[in-house]
Amino acid sequence: MHEMSLAEGILQIVEDAAARQGFKRVTEVRLEIGALAGVEIEALGFCLDVVLKDSVAEGARIELEKTPGTGYCLGCGETVPVNALYEACPNCGGYQVQATGGTEMRVKDLLVE
Amino acid sequence: MCTVCGCGQGETRIEGHDDENAHGHDHPHTHEPGHAHSHADGATHSHPHATHFHQHQGDLHYGLGPAHAHAPGLSQERMVRIEQDILGKNNAYADGNRKHFAEHGIFAVNLVSSPGSGKTTLLVKSIDLLKDKAKVAVVEGDQQTSNDADRIRATGAPAIQVNTGKGCHLDAHMVGHALERLALPDDSLLMIENVGNLVCPAAFDLGEAHKVVILSVTEGEDKPLKYPDMFNAADLMLLNKIDLLPYLNFDVAQCIEYARRINPKLEVMQVSATSGAGMEEWLAWLTAGLDVAIAARQQNVNLLKKRIAELEARLAVNG
(Lines give C-alpha, C1' and ligand atoms only; values in the text may rest on other atoms or scores of the structure.)
Protein backbone atom coordinates (compact mmCIF):
# COMPACT_ATOMS: atom_id res chain seq x y z
CA MET A 1 0.00 0.00 0.00
CA HIS A 2 0.98 3.62 -0.45
CA GLU A 3 4.55 2.61 -1.31
CA MET A 4 5.15 5.94 -3.04
CA SER A 5 4.42 7.81 0.18
CA LEU A 6 6.74 5.46 2.05
CA ALA A 7 9.49 6.02 -0.52
CA GLU A 8 9.06 9.77 -0.11
CA GLY A 9 9.20 9.34 3.66
CA ILE A 10 12.47 7.46 3.28
CA LEU A 11 13.89 10.19 1.04
CA GLN A 12 12.85 12.84 3.55
CA ILE A 13 14.65 11.00 6.36
CA VAL A 14 17.77 10.62 4.20
CA GLU A 15 17.75 14.27 3.17
CA ASP A 16 17.22 15.45 6.74
CA ALA A 17 20.19 13.35 7.83
CA ALA A 18 22.30 14.73 4.95
CA ALA A 19 21.46 18.30 5.95
CA ARG A 20 22.36 17.58 9.59
CA GLN A 21 25.52 15.61 8.99
CA GLY A 22 26.77 17.11 5.77
CA PHE A 23 27.38 13.96 3.73
CA LYS A 24 27.19 14.20 -0.04
CA ARG A 25 26.35 10.71 -1.13
CA VAL A 26 24.50 7.71 0.24
CA THR A 27 25.68 4.35 -1.02
CA GLU A 28 23.38 2.17 1.03
CA VAL A 29 20.06 2.54 2.81
CA ARG A 30 19.13 -0.12 5.32
CA LEU A 31 15.44 -0.56 6.01
CA GLU A 32 13.56 -2.62 8.54
CA ILE A 33 10.10 -3.66 7.38
CA GLY A 34 7.80 -5.82 9.49
CA ALA A 35 6.02 -8.77 7.94
CA LEU A 36 2.67 -7.30 9.02
CA ALA A 37 3.42 -3.72 7.92
CA GLY A 38 1.42 -4.19 4.73
CA VAL A 39 4.30 -3.11 2.52
CA GLU A 40 4.59 -4.55 -0.96
CA ILE A 41 8.37 -4.90 -1.20
CA GLU A 42 8.57 -4.97 -4.99
CA ALA A 43 6.43 -1.86 -5.28
CA LEU A 44 8.56 -0.11 -2.67
CA GLY A 45 11.68 -0.95 -4.67
CA PHE A 46 10.10 0.49 -7.77
CA CYS A 47 9.04 3.67 -5.99
CA LEU A 48 12.47 4.10 -4.39
CA ASP A 49 14.10 3.92 -7.81
CA VAL A 50 11.93 6.81 -8.89
CA VAL A 51 12.02 8.90 -5.74
CA LEU A 52 15.75 8.62 -5.04
CA LYS A 53 16.65 9.76 -8.54
CA ASP A 54 18.54 13.07 -8.51
CA SER A 55 18.90 12.86 -4.72
CA VAL A 56 21.93 12.20 -2.51
CA ALA A 57 20.87 8.56 -2.49
CA GLU A 58 20.54 8.05 -6.23
CA GLY A 59 21.75 4.57 -7.05
CA ALA A 60 22.11 3.56 -3.40
CA ARG A 61 21.80 -0.12 -2.53
CA ILE A 62 18.62 -0.83 -0.62
CA GLU A 63 19.14 -3.43 2.07
CA LEU A 64 16.05 -4.88 3.56
CA GLU A 65 15.69 -6.50 6.93
CA LYS A 66 12.35 -8.23 7.37
CA THR A 67 11.18 -8.56 10.94
CA PRO A 68 8.80 -11.43 11.69
CA GLY A 69 5.18 -10.85 12.66
CA THR A 70 4.05 -11.74 16.18
CA GLY A 71 0.69 -11.63 17.88
CA TYR A 72 -0.91 -12.22 21.23
CA CYS A 73 -3.53 -14.95 21.16
CA LEU A 74 -6.45 -14.13 23.45
CA GLY A 75 -7.51 -17.77 23.20
CA CYS A 76 -4.39 -19.43 24.58
CA GLY A 77 -2.84 -16.37 26.21
CA GLU A 78 0.48 -16.67 24.42
CA THR A 79 2.60 -14.69 22.02
CA VAL A 80 2.73 -16.56 18.73
CA PRO A 81 4.34 -16.07 15.31
CA VAL A 82 1.99 -14.51 12.74
CA ASN A 83 2.62 -14.59 9.00
CA ALA A 84 -0.53 -12.76 7.99
CA LEU A 85 -3.33 -10.98 9.85
CA TYR A 86 -5.98 -13.46 8.73
CA GLU A 87 -4.14 -16.54 9.98
CA ALA A 88 -5.30 -18.76 12.81
CA CYS A 89 -3.24 -19.17 15.98
CA PRO A 90 -0.66 -21.94 15.36
CA ASN A 91 -1.24 -23.26 18.91
CA CYS A 92 -5.01 -23.36 19.33
CA GLY A 93 -6.33 -22.80 15.80
CA GLY A 94 -8.46 -19.87 16.96
CA TYR A 95 -8.66 -16.47 15.32
CA GLN A 96 -8.29 -14.42 18.50
CA VAL A 97 -4.82 -13.18 17.57
CA GLN A 98 -3.99 -9.52 18.04
CA ALA A 99 -0.94 -8.36 16.09
CA THR A 100 1.76 -7.10 18.46
CA GLY A 101 5.00 -7.09 16.45
CA GLY A 102 6.18 -6.95 12.87
CA THR A 103 4.28 -3.81 11.94
CA GLU A 104 7.31 -1.51 11.98
CA MET A 105 8.70 0.38 9.00
CA ARG A 106 12.00 2.02 9.80
CA VAL A 107 15.12 3.43 8.25
CA LYS A 108 17.84 1.77 10.31
CA ASP A 109 21.04 3.27 8.99
CA LEU A 110 22.86 4.61 5.98
CA LEU A 111 26.26 4.09 4.46
CA VAL A 112 27.50 7.46 3.31
CA GLU A 113 30.61 9.02 1.88
CA MET B 1 3.29 6.20 -9.91
CA CYS B 2 3.05 3.53 -7.26
CA THR B 3 2.31 0.18 -8.85
CA VAL B 4 -0.12 -0.79 -6.12
CA CYS B 5 -2.32 2.22 -5.63
CA GLY B 6 -0.96 5.15 -7.62
CA CYS B 7 -0.41 7.26 -4.58
CA GLY B 8 2.23 9.81 -3.73
CA GLN B 9 2.31 13.40 -2.58
CA GLY B 10 5.16 14.63 -4.74
CA GLU B 11 3.38 14.76 -8.04
CA THR B 12 6.20 16.49 -9.84
CA ARG B 13 8.42 13.61 -8.94
CA ILE B 14 5.92 11.19 -10.33
CA GLU B 15 5.72 13.12 -13.56
CA GLY B 16 9.49 13.06 -13.72
CA HIS B 17 9.42 9.34 -13.21
CA ASP B 18 7.02 8.79 -16.07
CA ASP B 19 9.35 10.66 -18.38
CA GLU B 20 12.41 8.82 -17.17
CA ASN B 21 10.84 5.44 -17.58
CA ALA B 22 9.08 5.99 -20.86
CA HIS B 23 12.16 4.70 -22.67
CA GLY B 24 13.38 1.13 -22.73
CA HIS B 25 15.88 -0.31 -20.28
CA ASP B 26 18.83 -2.26 -21.50
CA HIS B 27 19.85 -3.87 -18.27
CA PRO B 28 18.77 -7.27 -17.06
CA HIS B 29 15.68 -7.79 -14.94
CA THR B 30 14.97 -10.63 -12.64
CA HIS B 31 11.20 -10.81 -12.63
CA GLU B 32 9.21 -13.63 -14.07
CA PRO B 33 8.11 -13.32 -17.67
CA GLY B 34 4.61 -12.29 -18.48
CA HIS B 35 4.23 -9.93 -15.56
CA ALA B 36 1.03 -8.04 -16.21
CA HIS B 37 -0.29 -4.79 -14.85
CA SER B 38 -3.19 -2.46 -15.42
CA HIS B 39 -3.24 1.09 -16.58
CA ALA B 40 -5.62 3.88 -15.67
CA ASP B 41 -7.30 3.53 -19.06
CA GLY B 42 -8.30 -0.02 -18.16
CA ALA B 43 -5.84 -1.79 -20.41
CA THR B 44 -4.01 -4.72 -18.90
CA HIS B 45 -0.89 -5.96 -20.57
CA SER B 46 2.44 -7.55 -19.99
CA HIS B 47 5.50 -5.42 -19.70
CA PRO B 48 9.07 -6.51 -20.25
CA HIS B 49 10.19 -4.15 -17.48
CA ALA B 50 7.28 -3.85 -15.10
CA THR B 51 9.04 -4.64 -11.84
CA HIS B 52 12.09 -2.78 -11.01
CA PHE B 53 14.98 -4.55 -9.48
CA HIS B 54 17.60 -2.96 -11.60
CA GLN B 55 20.90 -4.77 -11.53
CA HIS B 56 22.88 -1.57 -11.76
CA GLN B 57 21.20 0.26 -8.93
CA GLY B 58 18.66 -0.01 -6.17
CA ASP B 59 18.99 -3.73 -5.59
CA LEU B 60 16.81 -5.16 -2.90
CA HIS B 61 18.35 -7.99 -0.92
CA TYR B 62 16.01 -10.27 0.90
CA GLY B 63 16.60 -11.78 4.27
CA LEU B 64 20.13 -10.67 4.92
CA GLY B 65 19.16 -9.84 8.45
CA PRO B 66 21.07 -8.13 11.20
CA ALA B 67 24.09 -10.37 10.76
CA HIS B 68 24.91 -8.73 7.46
CA ALA B 69 28.30 -7.14 7.99
CA HIS B 70 29.33 -3.77 6.71
CA ALA B 71 32.97 -2.89 6.45
CA PRO B 72 32.89 0.88 6.51
CA GLY B 73 36.54 1.10 7.54
CA LEU B 74 37.70 -0.32 4.24
CA SER B 75 36.51 2.58 2.15
CA GLN B 76 35.59 6.20 2.66
CA GLU B 77 32.11 5.06 3.53
CA ARG B 78 30.83 5.55 7.03
CA MET B 79 27.69 4.38 8.66
CA VAL B 80 25.06 6.82 9.90
CA ARG B 81 22.63 5.46 12.42
CA ILE B 82 19.09 6.64 11.71
CA GLU B 83 16.52 4.42 13.48
CA GLN B 84 13.57 6.48 12.36
CA ASP B 85 10.07 5.41 11.58
CA ILE B 86 9.34 5.91 7.88
CA LEU B 87 5.97 7.37 8.79
CA GLY B 88 7.50 9.31 11.69
CA LYS B 89 6.77 12.65 10.11
CA ASN B 90 3.11 11.80 9.61
CA ASN B 91 2.94 10.48 13.14
CA ALA B 92 4.40 13.72 14.51
CA TYR B 93 1.71 15.72 12.69
CA ALA B 94 -0.90 13.26 13.97
CA ASP B 95 0.32 13.82 17.53
CA GLY B 96 -0.07 17.56 16.96
CA ASN B 97 -3.64 17.08 15.74
CA ARG B 98 -4.42 14.78 18.67
CA LYS B 99 -3.12 17.38 21.13
CA HIS B 100 -5.26 20.03 19.45
CA PHE B 101 -8.33 17.77 19.71
CA ALA B 102 -7.68 17.09 23.39
CA GLU B 103 -7.20 20.77 24.23
CA HIS B 104 -10.46 21.69 22.52
CA GLY B 105 -12.66 18.79 23.57
CA ILE B 106 -12.98 17.55 20.01
CA PHE B 107 -13.96 13.94 19.33
CA ALA B 108 -12.46 13.05 15.95
CA VAL B 109 -13.33 9.92 14.00
CA ASN B 110 -11.71 8.77 10.77
CA LEU B 111 -14.23 7.10 8.46
CA VAL B 112 -12.66 4.65 6.08
CA SER B 113 -14.17 2.35 3.45
CA SER B 114 -14.15 1.36 -0.19
CA PRO B 115 -15.65 3.82 -2.65
CA GLY B 116 -19.42 3.39 -2.80
CA SER B 117 -19.97 1.98 0.70
CA GLY B 118 -22.36 4.80 1.46
CA LYS B 119 -20.02 6.84 3.68
CA THR B 120 -21.25 10.24 2.60
CA THR B 121 -24.94 9.29 2.76
CA LEU B 122 -24.40 7.86 6.22
CA LEU B 123 -22.57 11.01 7.22
CA VAL B 124 -25.30 13.31 5.93
CA LYS B 125 -27.93 11.29 7.76
CA SER B 126 -25.87 11.26 10.97
CA ILE B 127 -25.38 15.02 10.86
CA ASP B 128 -29.10 15.57 10.29
CA LEU B 129 -29.95 13.51 13.34
CA LEU B 130 -27.18 15.01 15.49
CA LYS B 131 -27.18 18.66 14.60
CA ASP B 132 -29.54 19.76 17.36
CA LYS B 133 -27.52 17.86 19.97
CA ALA B 134 -23.92 18.49 18.97
CA LYS B 135 -21.61 20.72 16.99
CA VAL B 136 -20.48 18.68 14.01
CA ALA B 137 -17.90 19.49 11.34
CA VAL B 138 -16.48 17.44 8.50
CA VAL B 139 -13.20 17.05 6.64
CA GLU B 140 -13.88 15.43 3.28
CA GLY B 141 -11.12 13.62 1.45
CA ASP B 142 -11.43 12.77 -2.22
CA GLN B 143 -9.03 12.69 -5.12
CA GLN B 144 -11.01 15.33 -6.93
CA THR B 145 -14.19 17.47 -6.82
CA SER B 146 -15.88 19.15 -3.88
CA ASN B 147 -19.14 17.22 -4.45
CA ASP B 148 -19.05 15.50 -1.08
CA ALA B 149 -18.26 18.65 0.88
CA ASP B 150 -21.14 20.33 -0.97
CA ARG B 151 -23.45 17.54 0.17
CA ILE B 152 -22.30 18.02 3.76
CA ARG B 153 -22.62 21.81 3.65
CA ALA B 154 -26.20 21.36 2.45
CA THR B 155 -26.94 19.96 5.94
CA GLY B 156 -25.69 23.21 7.46
CA ALA B 157 -22.56 21.65 8.96
CA PRO B 158 -19.20 23.24 8.14
CA ALA B 159 -17.09 21.10 5.81
CA ILE B 160 -13.69 21.39 4.18
CA GLN B 161 -12.83 19.39 1.10
CA VAL B 162 -9.30 18.10 0.78
CA ASN B 163 -8.42 16.98 -2.72
CA THR B 164 -5.54 14.59 -2.55
CA GLY B 165 -4.79 14.72 -6.27
CA LYS B 166 -2.81 11.59 -7.00
CA GLY B 167 -2.78 10.67 -3.32
CA CYS B 168 -4.81 7.68 -2.18
CA HIS B 169 -5.24 8.68 1.45
CA LEU B 170 -5.44 11.67 3.77
CA ASP B 171 -2.37 12.28 5.87
CA ALA B 172 -2.08 14.08 9.20
CA HIS B 173 -0.50 17.16 7.62
CA MET B 174 -3.45 17.66 5.25
CA VAL B 175 -5.87 17.29 8.15
CA GLY B 176 -3.87 19.81 10.19
CA HIS B 177 -4.27 22.35 7.39
CA ALA B 178 -7.96 21.59 7.11
CA LEU B 179 -8.29 22.22 10.86
CA GLU B 180 -6.80 25.70 10.46
CA ARG B 181 -9.42 26.48 7.85
CA LEU B 182 -12.32 24.91 9.75
CA ALA B 183 -11.69 26.79 13.01
CA LEU B 184 -13.64 24.20 14.97
CA PRO B 185 -15.42 25.40 18.11
CA ASP B 186 -14.58 23.69 21.40
CA ASP B 187 -16.51 20.55 22.29
CA SER B 188 -17.35 19.49 18.76
CA LEU B 189 -17.52 16.28 16.82
CA LEU B 190 -15.17 16.07 13.84
CA MET B 191 -15.93 13.48 11.19
CA ILE B 192 -13.05 12.90 8.79
CA GLU B 193 -14.24 11.13 5.67
CA ASN B 194 -11.14 9.54 4.21
CA VAL B 195 -10.53 8.77 0.55
CA GLY B 196 -12.53 5.72 -0.54
CA ASN B 197 -9.79 3.10 -0.31
CA LEU B 198 -9.59 0.05 1.92
CA VAL B 199 -5.82 -0.21 1.78
CA CYS B 200 -3.70 2.88 2.21
CA PRO B 201 -5.57 4.97 4.81
CA ALA B 202 -5.00 2.12 7.30
CA ALA B 203 -1.39 3.17 7.83
CA PHE B 204 -1.91 6.89 8.29
CA ASP B 205 -2.75 8.14 11.75
CA LEU B 206 -4.57 11.47 11.46
CA GLY B 207 -4.76 12.06 15.20
CA GLU B 208 -8.27 10.64 15.38
CA ALA B 209 -9.74 8.90 18.42
CA HIS B 210 -10.93 5.96 16.33
CA LYS B 211 -10.92 4.64 12.81
CA VAL B 212 -14.39 3.51 11.82
CA VAL B 213 -14.55 1.15 8.86
CA ILE B 214 -17.75 1.09 6.86
CA LEU B 215 -18.58 -2.02 4.87
CA SER B 216 -21.80 -2.23 2.90
CA VAL B 217 -23.64 -5.51 2.50
CA THR B 218 -23.49 -5.12 -1.29
CA GLU B 219 -19.73 -5.70 -1.13
CA GLY B 220 -19.23 -9.32 -0.10
CA GLU B 221 -18.68 -10.74 3.35
CA ASP B 222 -15.04 -11.70 2.83
CA LYS B 223 -13.75 -8.14 2.44
CA PRO B 224 -12.22 -8.16 5.93
CA LEU B 225 -10.05 -11.10 4.84
CA LYS B 226 -9.16 -9.47 1.53
CA TYR B 227 -8.23 -6.13 3.10
CA PRO B 228 -7.08 -7.10 6.59
CA ASP B 229 -4.96 -4.04 7.37
CA MET B 230 -7.93 -1.72 7.48
CA PHE B 231 -10.09 -3.99 9.61
CA ASN B 232 -7.13 -4.43 11.93
CA ALA B 233 -6.65 -0.67 12.25
CA ALA B 234 -10.32 0.09 12.93
CA ASP B 235 -12.05 0.03 16.32
CA LEU B 236 -15.59 -0.06 14.98
CA MET B 237 -17.13 -1.60 11.87
CA LEU B 238 -20.41 -0.25 10.55
CA LEU B 239 -22.16 -2.80 8.39
CA ASN B 240 -24.10 -0.45 6.16
CA LYS B 241 -27.10 -0.75 3.80
CA ILE B 242 -28.69 -3.54 5.84
CA ASP B 243 -32.07 -2.52 4.38
CA LEU B 244 -30.88 -4.34 1.23
CA LEU B 245 -30.24 -7.67 2.98
CA PRO B 246 -33.52 -9.27 1.78
CA TYR B 247 -32.32 -8.89 -1.81
CA LEU B 248 -28.80 -10.21 -1.30
CA ASN B 249 -26.99 -13.40 -0.37
CA PHE B 250 -24.93 -11.67 2.26
CA ASP B 251 -24.09 -13.70 5.35
CA VAL B 252 -23.93 -11.15 8.18
CA ALA B 253 -22.69 -13.60 10.82
CA GLN B 254 -19.95 -14.87 8.51
CA CYS B 255 -18.84 -11.32 7.71
CA ILE B 256 -18.59 -10.41 11.39
CA GLU B 257 -16.73 -13.64 12.09
CA TYR B 258 -14.20 -12.82 9.33
CA ALA B 259 -13.78 -9.28 10.63
CA ARG B 260 -13.09 -10.53 14.16
CA ARG B 261 -10.55 -13.03 12.85
CA ILE B 262 -8.58 -10.00 11.75
CA ASN B 263 -9.35 -7.92 14.81
CA PRO B 264 -10.79 -9.72 17.84
CA LYS B 265 -11.58 -6.43 19.56
CA LEU B 266 -13.57 -4.93 16.68
CA GLU B 267 -16.96 -3.52 17.65
CA VAL B 268 -19.68 -4.07 15.07
CA MET B 269 -22.95 -2.21 14.41
CA GLN B 270 -25.47 -2.92 11.68
CA VAL B 271 -26.92 0.23 10.17
CA SER B 272 -28.86 1.63 7.26
CA ALA B 273 -28.69 5.31 6.45
CA THR B 274 -31.73 4.83 4.18
CA SER B 275 -34.12 3.09 6.59
CA GLY B 276 -32.58 4.54 9.75
CA ALA B 277 -32.04 1.07 11.24
CA GLY B 278 -29.23 0.94 13.78
CA MET B 279 -28.65 4.70 13.57
CA GLU B 280 -29.55 5.19 17.20
CA GLU B 281 -26.77 2.88 18.37
CA TRP B 282 -24.22 4.55 16.08
CA LEU B 283 -25.22 8.06 17.15
CA ALA B 284 -25.10 7.01 20.81
CA TRP B 285 -21.55 5.75 20.23
CA LEU B 286 -20.60 9.12 18.72
CA THR B 287 -22.17 11.22 21.45
CA ALA B 288 -20.65 9.03 24.18
CA GLY B 289 -17.21 9.62 22.64
CA LEU B 290 -17.89 13.33 22.39
CA ASP B 291 -19.00 13.46 26.04
CA VAL B 292 -15.72 11.86 27.11
CA ALA B 293 -13.71 14.39 25.04
CA ILE B 294 -15.69 17.30 26.50
CA ALA B 295 -15.33 16.01 30.06
CA ALA B 296 -11.56 15.59 29.59
CA ARG B 297 -11.22 19.16 28.34
CA GLN B 298 -13.36 20.45 31.21
CA GLN B 299 -11.22 18.59 33.70
CA ASN B 300 -8.14 20.13 32.13
CA VAL B 301 -9.65 23.61 32.30
CA ASN B 302 -10.59 23.08 35.95
CA LEU B 303 -7.05 21.97 36.74
CA LEU B 304 -5.65 25.06 35.04
CA LYS B 305 -8.09 27.30 36.88
CA LYS B 306 -7.09 25.70 40.16
CA ARG B 307 -3.42 26.29 39.39
CA ILE B 308 -4.08 29.92 38.47
CA ALA B 309 -6.01 30.39 41.69
CA GLU B 310 -3.14 28.87 43.67
CA LEU B 311 -0.60 31.10 41.94
CA GLU B 312 -2.76 34.16 42.52
CA ALA B 313 -3.05 33.27 46.17
CA ARG B 314 0.73 32.98 46.41
CA LEU B 315 1.12 36.32 44.66
CA ALA B 316 -1.31 37.90 47.10
CA VAL B 317 0.70 36.58 50.05
CA ASN B 318 4.08 37.53 48.64
CA GLY B 319 3.01 40.74 46.92
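Predicted model: local features only at pLDDT ≥ 70, side-chain atom pairs only at ≥ 80, totals over all residues.
Local features require pLDDT of at least 70 and side-chain atom pairs count only at pLDDT 80 or more, whereas totals for chains, interfaces and linings use all residues. Residues are numbered from 1 along each chain as its sequence is written, chains are lettered from A and ligands numbered from 1 in the order in which they are written, and side-chain values use heavy atoms, with hydrogens and water left out.

Helix α1 (residues 3-21) and helix α2 (residues 41-51) of chain A pack with their axes 8 Å apart, at an angle of about 50°. Helices (H or I, at least four residues) and strands (E, at least two) are DSSP runs, numbered from the N terminus. Axes are lines fitted to C-alpha atoms, for helices over the stretch in contact, and angles run from 0 to 180 degrees between N-to-C directions. The two helices, α1(A) and α2(A), are therefore oblique to each other, a class left after angles under 35 degrees (roughly parallel), over 145 (roughly antiparallel) and 65 to 115 (roughly perpendicular).

In contact (heavy atoms within 4.5 Å), residues of α1(A) including A:Leu6, A:Ile10 and A:Leu11 meet residues of α2(A), among them A:Leu44, A:Leu48 and A:Val51. Just after α1(A), A:Gly22 adopts a positive phi of about 70°.

A:Lys66 lies in strand β2 (residues 61-67) of chain A. Beyond its neighbours within four places in sequence, A:Lys66 contacts A:Ile33 and A:Ile41. The C-alpha atoms of A:Lys66 and A:Leu36, 30 residues apart along the chain, are separated by 9.9 Å.
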